[in-house]
Amino acid sequence: MSVNPNEKPEPDETPEAGERPEPEKRPEPDVTPGVEGKPGAEPAPEEARAVEGAESAPEAAVPAPEAAPGAGEAPSGRRRLADALWPPRVTRAQLVVALLLACLGFGLAIQVSSTSEGSALRGARQEDLVRILDELDDRTQRLEDEKARLEKQRSELESSSDQAEEARRQTQEKERQLGVLAGTVAAEGPGITLTVTDPVGAVESDMLLDTIQELRAAGAEAIQVDGVRVVADSYFTGGGDDMRIDGTPVTAPYVFKVIGKPEDLEPALNIPGGVVQTLEKEQATATVERSAKIVVDALRPAKRPDYARSSSP
């Protein structure tokens with residue numbers, strides 16, 4: 001068999017021993033991504049690159065979210081209380097309720113302060129309360145007597161045959177009464193003598209004025225203190241070693257000469273929280289002595305009014 005030198009020998013297709021034949025590659029169907037069951041569609045260039053990158057790139061690890069600081073810890077009681085109270089959430093209803101509560105508290109405070117003023121009588125003994133009631137009854141009786149006296153005078157004027165003479169007599173009696181009240185006429189009658197000693201000089205002018213007011217409320221008709229006649233327009237100033245009545249100096253012990261009903265005057269000074277207890281708190285002492293005859297002879301000059309004139313003819 002002749003061999004052509006120009007011809008290349010064909011390779012021996014018989015595989016050598018120990019070598020495996022390569023498997024025959026089958027053509028893959030052309031499937032468009034995202035569209036199932038439709039072969040032959042070519043993917044878009046961008047989608048192809050995305051698919052290739054997804055296949056070639058390793059799976060990226062998804063970072064776990066970082067835990068917030070203190071998220072695992074339970075909030076404390078103070079923290080929950082602070083969160084509940086601040087910021088404040090105030091509604092209109094809450095404001096109305098707060099305003100009503102404030103008004104209620106203000107009213108209660110006023111009521112407590114007003115009731116505390118009568119605490120002295122609330123804690124008084126039964127005997128003291130009975131004495132105070134008796135004093136009020138005596139004041140009422142004095143007013144009834146005054147009313148009866150005035151009605152008697154009116155009836156005498158109406159029934160008298162000489163009404164002019166009767167009117168003159170009543171006028172003179174009224175003048176004497178007004179003179180006693182004004183301090184221009186001396187007076188005498190039953191009453192009490194009140195002596196106030198002040199060893200430490202703690203008695204002030206307002207304490208003596210309160211004493212005068214208590215005596216007048218109990219029915220005192222004429223009062224004299226250390227030779228000074230006390231009338232409706234009298235005033236007290238100073239205190240201690242510089243006590244003055246109507247500008248006239250007076251010194252302790254202060255002696256009050258009072259004309260009136262002793263049974264009414266003495267209890268008025270000894271009521272709980274009255275004059276005697278007030279003076280004792282200031283380390284002063286007050287002694288009361290009843291008498292069937294008290295003379296009040298200190299006089300005040302009669303003053304002519306500057307502008308007032310009698311309106312009667």
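User: Where is the place of D198?
Analyst: D198 is in the loop between β1 (187-197) and α7 (205-217). Keep in mind that this is a predicted model.

User: Then which backbone nitrogen does the side chain of D198 reach?
Analyst: That of V203, at 3.1 Å.

User: And which residues does D198 touch, leaving out those up to four places away in sequence?
Analyst: V203, A252 and A284.

User: Back to R244. Which side chain does R244 meet in a salt bridge?
Analyst: R244 meets D242, with N to O at 3.4 Å. R244 is partly exposed, with a relative accessible area of 32%. D242 is also partly exposed, at 43%.

User: Why is D233 called exposed?
Analyst: Because its relative accessible area is 52%, and exposed means over 50%.

User: How many salt bridges are there in the whole structure?
Analyst: A search finds 8. One of them joins E188 and K293, whose closest N and O atoms are 3.9 Å apart. E188 is in strand β1 and K293 is in strand β8 (residues 285-296), 105 residues apart.

User: Are E188 and K293 buried or exposed?
Analyst: Both are exposed.

User: New topic, helices. At what angle do α7 and α8 pack?
Analyst: At about 140°, with their axes 9 Å apart. Helix α8 covers residues 262-269. The crossing is right-handed.

User: Which residues meet there?
Analyst: From α7, T211, E214 and L215. They meet L265, A268 and L269 in α8.

User: Zoom out. How many helices and strands does the chain have?
Analyst: It has 9 helices and 8 strands. Of the 313 residues, 21% count as buried.

User: What share of contacts join residues at least 24 apart?
Analyst: 74%, counted among contacts between residues at least 6 apart in sequence.

Technical notes
Residues are numbered from 1 along each chain as its sequence is written. This is a predicted model: local features need pLDDT of at least 70, side-chain atom pairs count only at pLDDT 80 or more; totals for chains, interfaces and linings use all residues. Side-chain values use heavy atoms; hydrogens and water are left out. Helices (H or I, at least four residues) and strands (E, at least two) are DSSP runs, numbered from the N terminus. A polar contact is a pair of N or O atoms within 3.5 Å; within protein, one must be able to donate a hydrogen and the other to accept it, and residues adjacent in sequence count only if both atoms are side-chain atoms. Contact means heavy atoms within 4.5 Å. Axes are lines fitted to C-alpha atoms, for helices over the stretch in contact, and angles run from 0 to 180 degrees between N-to-C directions. A crossing is left-handed if the near helix is turned anticlockwise from the far one by less than a right angle, and right-handed if clockwise. Buried means under 20% relative accessible area, exposed over 50%, partly exposed in between (1.4 Å probe, protein chains only). A salt bridge is a side-chain nitrogen of Lys or Arg within 4 Å of a carboxyl oxygen of Asp or Glu.
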